[in-house]
Amino acid sequence: MNQKAYITTPIYYVNDVPHIGHAYTTIIADTMARYYRLKGYDTFFLTGTDEHGQKIEEAAISRGRTPKEYADEISGKFKALWDEFEISYDKFIRTTDQEHKIGVQKAFSTMFNSGDIYKGEYEGHYCVSCETFFTDTQLIDENLCPDCGKETRIVKEESYFFKLSNYQEKLLKWYSDDEKCVLPKGKKSEVISFVKQGLRDLSITRTSFDWGVKLPDEINDPKHVMYVWLDALLNYITALGYGNDEKNMKYWPATIQLVGKDILRFHAIYWPAFLMSLGLPLPKHIAAHGWWTRNGEKMSKSKGNVVNPKEVADAYGLENFRYFMLREVPFGQDGDFSQKALIDRINSDLSNELGNLLNRIIGMSGKYSDFNISSKDVFDYHKKELTSVMEHIRLAETNLQDMQTNRYLEELWKALTIANQSITVYEPWVKMKEGDKEFAFATVAMVANILAKVSIVLHPVMPKTTQKIAKTLNFEISYDTYKKFIEDDSLLDDFKIEKIPPLFPKVEGELLNSPTPSVKEEIKKEEDSLITIDQFFQTKLKIGTILDATEVPKSKKLLKLRVDLGEEKPRQIVAGIKEFYSAESLLNTQVCVVANLKPAKIMGLVSEGMLLAAKDKEGLSLLRPQDSKKSGSSVG
Ligand code: MSP
């Protein structure tokens with residue numbers, strides 16, 4: 001086994017719990033990994049979580065957690081879901097892993113030593129949500145992010161830059177030399193026209209926060225951390241041991257790097273440029289899929305219409321859900337999730353066409369030949385059908401290799417249609433009555449062979465279901481049977497059918513009633529979130545007196561306070577209230593403080609507590625005692 005395959009998903013941000021979009025990316029990647037394993041390739045499949053950057057730091061702080069604690073929790077949720085979905089990953093990488101950080105520093109040094117990194121100053125509009133800089137002309141309404149519509153911030157800081165501009169021509173050459181390097185074609189054209197507009201050097205370090213990988217020691221510039229996209233993209237090689245124990249680097253270059261259309265630019269422009277700078281070969285395919293909407297609308301937490309993949313899989317069956325996602329949308333285009341569309345796929349494609357074919361084989365063989373099937377006369381009577389089935393199967397495989405997941409499944413279903421139509425056309429029951437048993441047996445055996453072949457090639461999408469079908473047809477799906485029945489196009493050995501109950505019971509109506517999965521989840525969360533009085537008193541609230549207040553440099557929102565809580569030493573508290581209170585106006589006023597919060601770092605400053613405040617659209621007001629109270633008085 002010397003052919004290798006390396007399949008990757010993007011690593012998921014830990015500021016959000018897994019939803020259908022994440023599940024889609026992961027399920028396609030899982031399908032590809034299973035396909036290459038089936039073909040006998042030595043396959044490595046990587047997924048994981050992206051845990052650094054300002055967005056994660058802020059999400060953690062707003063929940064009163066340290067970034068690492070918060071990342072541990074959400075990363076665990078991704079891993080747990082993939083385990084439950086039986087995603088066949090070989091490694092789950094976290095960007096907070098020590099080996100990853102070492103690998104990233106090694107890559108930085110290599111790029112630095114090759115002259116591709118220089119120090120300068122950056123001033124630009126930064127979108128924290130997308131962790132991306134934009135130029136004036138890219139912004140919408142002067143300060144809104146063109147990708148997510150949120151407000152950008154002006155960031156001016158010393159920064160190291162990567163000479164992306166040096167790679168413009170090399171990238172264009174790659175796109176033109178390697179037809180399938182970026183898939184699908186339409187998306188590739190978008191990338192090319194973007195690169196042709198000109199590439200500016202890329203700021204790859206930050207000084208305004210410190211939740212990130214530090215620069216290598218030899219650069220000796222401790223106030224910088226790496227830009228989260230540099231850190232994140234490098235996961236694809238650090239997961240193979242780059243910069244550490246490099247034995248798995250044998251899997252590089254990647255066969256397929258799966259990404260959503262929103263992050264294609266990072267993968268099809270920055271990533272290959274970084275790789276060129278590191279002297280490493282480029283991935284074979286970067287494949288970008290479209291986005292899922294919900295009943296025609298964009299999914300968002302605020303609309304409460306985010307589809308929870310676990311609920312869908314629990315209600316409709318995990319493998320049915322996998323089939324639906326890959327079949328429903330042409331790869332690269334946006335797709336809509338509705339229960340109706342999913343039910344239609346289950347009832348027509350899976351139940352009527354696939355499941356029913358198996359039932360008919362069981363029924364006919366039971367009636368005519370005591371469940372015995374023999375392929376001995378199949379080629380004599382049905383060569384034509386089998387030949388065209390093999391054409392569809394080969395086409396299905398080509399489509400899958402090109403990431404055309406829907407066309408791959410369509411081709412397999414064309415093969416199933418040949419089987420189902422043959423039964424209608426040849427009417428084996430009539431042949432039996434007429435005494436032409438040989439022909440009838442050959443027809444039943446032919447359709448059993450078609451089902452066997454389709455099941456093997458469908459295996460990457462529906463691993464358990466196809467294994468059940470195979471068992472009924474007396475074989476097991478493996479590299480050996482792939483080779484025998486697909487590559488060598490052999491027929492099934494004679495065997496006796498093993499009866500099994502129907503695989504795809506019809507779904508009569510929507511199984512997830514209103515409220516929608518996501519809304520239901522929210523309600524449950526609210527119920528779960530009721531606390532007891534004892535739990536409430538675990539939070540220690542105290543009155544504090546502000547002794548000192550100063551602005552945090554480079555921050556629009558933060559003030560640094562010294563607050564007396566009646567303890568030996570005043571506490572340092574960093575609070576996001578600068579837009580509502582001037583530093584002077586706070587001096588000697590009293591506030592209500594959460595006093596037993598674990599200290600957290602905000603923009604590099606330790607914060608040892610949190611102020612209570614009320615916020616509405618008019619603004620923010622600090623909660624204060626009506627009359628002056630002794631510093632440290634307890635509240636509750
Ligand atoms: N952390 C970065 C990726 C770094 S890779 C070096 C990131 N993470 S993400 O969690 O925001 O998104 C991960 C993937 O989920 C992306 O490929 C994105 O396209 C996909 N999806 C997120 N929402 C989606 C839908 N509604 N539909 C389909 N996929 C979408 O970006």
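# Close-up views of a predicted model

**View 1. K261 counts as partly exposed, with 33% relative accessibility, the classes being buried under 20% relative accessible area, exposed over 50% and partly exposed in between (1.4 Å probe, protein chains only).** The structure is a predicted model, in which local features need pLDDT of at least 70 and side-chain atom pairs count only at pLDDT 80 or more, whereas totals for chains, interfaces and linings use all residues. Residues are numbered from 1 along each chain as its sequence is written, and side-chain values use heavy atoms, with hydrogens and water left out. K261 and D334 meet through their side chains in a salt bridge of 2.9 Å, N to O, the term standing for a side-chain nitrogen of Lys or Arg within 4 Å of a carboxyl oxygen of Asp or Glu. Because K261 sits in the loop between β12 and α9 (264–278) and D334 in the loop between α11 (318–328) and β16 (335–337), the pair ties together parts that are 73 residues apart in sequence; helices (H or I, at least four residues) and strands (E, at least two) are DSSP runs, numbered from the N terminus. D334 is itself partly exposed, at a relative accessible area of 41%.

**View 2. A salt bridge of 2.6 Å, N to O, joins the side chains of K598 and E69.** This pair links distant parts of the chain, with K598 in the loop between β22 (590–594) and β23 (600–602) and E69 in helix α3 (residues 67–84), 529 residues apart. K598 is exposed, its relative accessible area being 54%, while E69 is partly exposed at 23%.

**View 3. D402 and K180 form a salt bridge in which the closest N and O atoms are 3.1 Å apart.** D402 belongs to the loop between α13 (378–401) and α14 (405–426) and K180 to the loop between α5 (168–177) and β8 (182–183), so the pair ties together parts that are 222 residues apart in sequence. K180 counts as partly exposed, with 32% relative accessibility. Over the whole structure, a search finds 38 salt bridges.

**View 4. The ligand is surrounded by 23 residues, of which the closest are I11, D50, G260, D262 and W292, a residue being included if one of its heavy atoms lies within 4 Å.** Among the polar contacts (pairs of N or O atoms within 3.5 Å), a side-chain N or O atom of D262 is 2.5 Å from an oxygen atom of the ligand, and a polar side-chain atom of W291 lies 3.4 Å from a ligand oxygen. A polar backbone atom of W292 is 2.9 Å from a nitrogen atom of the ligand. The protein covers 94% of the 670 Å² of accessible area that the ligand has on its own, areas coming from the Shrake-Rupley method with a 1.4 Å probe. Elements that give two or more residues to the shell are β2 (12–13), α1 (20–38), α7 (228–233), α8 (235–238) and β12 (256–260).

**View 5. T31 is found in helix α1.** T31 is buried, with a relative accessible area of 0%, and its side chain reaches the backbone oxygen of I27 at 2.8 Å.

**View 6. I531, I533, F536 and F537 make a nonpolar surface patch of about 410 Å².** Patches of this kind consist of residues with over 30% relative accessible area and no salt bridge, nonpolar side chains (Val, Leu, Ile, Met, Phe, Trp, Tyr) being joined within 5 Å and like charges within 9 Å. I533 lies in helix α20 (residues 533–537) and counts as exposed at 58% relative accessibility.

Conventions:
Polar contact = N/O pair within 3.5 Å; in protein donor to acceptor, adjacent residues only side chain to side chain.
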